[in-house]
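Hello,

Here is the structure I promised to pass on to you. Please have a look at it first, and then read on for what turned up in it.

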Amino acid sequence: MIYTDYDEWILDEDELEAEEGAAEPELPYRDWAIDFDTGKLATRGGRHYIVENEDALRVWIWKVLQTKQGVYPCYDDDFGSEMHALVGETDVEDMAAHAEFYLESALTVSPYIDAVRDVTVIRKLDRAIISFTVVTIWGDIEEETEVEYI
């Protein structure tokens, strides 16, 4: 990297080529297992454990959808979602269209995810249940998330 007087870093040619090549996903993809009911690290035999590939991607998807995009300085600006913006949406078709956009924007930053499709919304009294399919390099993953109206 080259430092300039303008407080910005400029990548030299070698670094630029290395960064361009970094778009290829690393395999196996790993993450700590999460108990999705509690939001805490999962345990097996009293110990935390690591999951790989599709299971690790499910953890990443869950974390992204639990995090408001652009709010926490510990994450870069691409991490998180804007699903909270659906609060107050009254029309189910509009909600589904906006949810699809927010999901696609939040999830396709991962090199393991190609697309989001089949977004459906079921409105309940106090929340909306949003079901969708994530198209990954390992195949399709069926997911669901909730948006509370409070």
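Let me start with helix α2. This helix has 14 residues and reaches 20 Å from its first C-alpha to its last, close to the 20 Å expected at 1.5 Å a residue. Please keep in mind that this is a predicted model. The buried residues of α2 are Ala56, Leu57, Val59, Trp60, Ile61, Val64 and Leu65. As background, an α-helix has 3.6 residues a turn, so residues three or four places apart point the same way.

Also in helix α2 you will find asparagine 53. Its phi is near 50 degrees, which is a positive value in a residue other than glycine. With a relative accessible area of 22%, asparagine 53 is partly exposed. Another residue with a positive phi, again not a glycine, is aspartate 118, where the angle is near 55 degrees. Aspartate 118 sits in strand β9, and its relative accessibility of 47% makes it partly exposed.

Now for the chain as a whole. It holds 3 helices and 11 strands, and along the sequence they follow the pattern β-β-α-β-β-β-β-β-β-α-α-β-β-β. The chain has 150 residues, of which 31% count as buried. Among the contacts with a separation of 6 or more, 36% come from residues 24 or more positions apart.

What lies in the core?

The largest nonpolar core has 34 residues, and those that touch the most other members are Trp60, Met83, Leu103, Leu107, Ile130 and Phe132. At least two residues of this core come from each of α2, α3, β9, β10 (127-136) and β11 (139-148). Take leucine 103 as an example: leaving aside residues up to four places away in sequence, it touches Leu65, Met83, Thr108, Val116, Val119, Ile130 and Phe132.

Next, the aromatic rings. How many aromatic pairs are there? The count comes to 6. In one of them, the rings of tyrosine 29 and tyrosine 112 have their centres 4.6 Å apart and their planes at 35 degrees, so this pair is tilted. Tyrosine 29 lies in the loop between α1 (13-21) and β3 (30-32), while tyrosine 112 lies in the loop between α3 (92-107) and β9 (113-123), so the pair ties together parts that are 83 residues apart in sequence. Elsewhere, a charged side chain meets a ring: arginine 44 lies over the face of tyrosine 49, at 3.8 Å from the ring centre.

Is aspartate 31 buried or exposed? Aspartate 31 counts as buried, because its relative accessibility is 13%. This residue lies in strand β3, and its side chain makes a polar contact with the side chain of lysine 63, at 2.9 Å. Not counting residues up to four places away in sequence, aspartate 31 touches Tyr49, Ile50, Val51, Ala56, Val59, Trp60 and Lys63.

Lysine 63 comes up again with threonine 67, whose side chain reaches the backbone oxygen of lysine 63 at 2.8 Å. Threonine 67 is placed in the loop between α2 and α3. At 9% relative accessibility, this threonine counts as buried. Its contacts, again leaving out residues up to four places away in sequence, are Tyr72, Tyr75, Phe79, Gly80 and Ser81.

Threonine 38 is in the loop between β4 (34-35) and β5 (40-41). It counts as partly exposed, since its relative accessibility is 49%. A polar atom of the threonine 38 side chain lies 3.2 Å from the backbone nitrogen of lysine 40.

Best wishes

Notes
Residues are numbered from 1 along each chain as its sequence is written. This is a predicted model: local features need pLDDT of at least 70, side-chain atom pairs count only at pLDDT 80 or more; totals for chains, interfaces and linings use all residues. Side-chain values use heavy atoms; hydrogens and water are left out. Rings of Phe, Tyr and Trp (its six-membered ring) pair if their centres lie within 6.5 Å; planes under 30 degrees apart count as stacked, over 60 as edge-to-face and the rest as tilted. Helices (H or I, at least four residues) and strands (E, at least two) are DSSP runs, numbered from the N terminus. A charge sits over a ring if NZ of Lys or CZ of Arg is within 6 Å of the ring centre and within 35 degrees of the ring normal. Buried means under 20% relative accessible area, exposed over 50%, partly exposed in between (1.4 Å probe, protein chains only). A polar contact is a pair of N or O atoms within 3.5 Å; within protein, one must be able to donate a hydrogen and the other to accept it, and residues adjacent in sequence count only if both atoms are side-chain atoms. Contact means heavy atoms within 4.5 Å. A nonpolar core is a set of buried Ala, Val, Leu, Ile, Met, Phe, Trp, Tyr and Cys residues joined through side-chain atoms within 4.5 Å. The expected span of a helix is 1.5 Å times one less than its number of residues.
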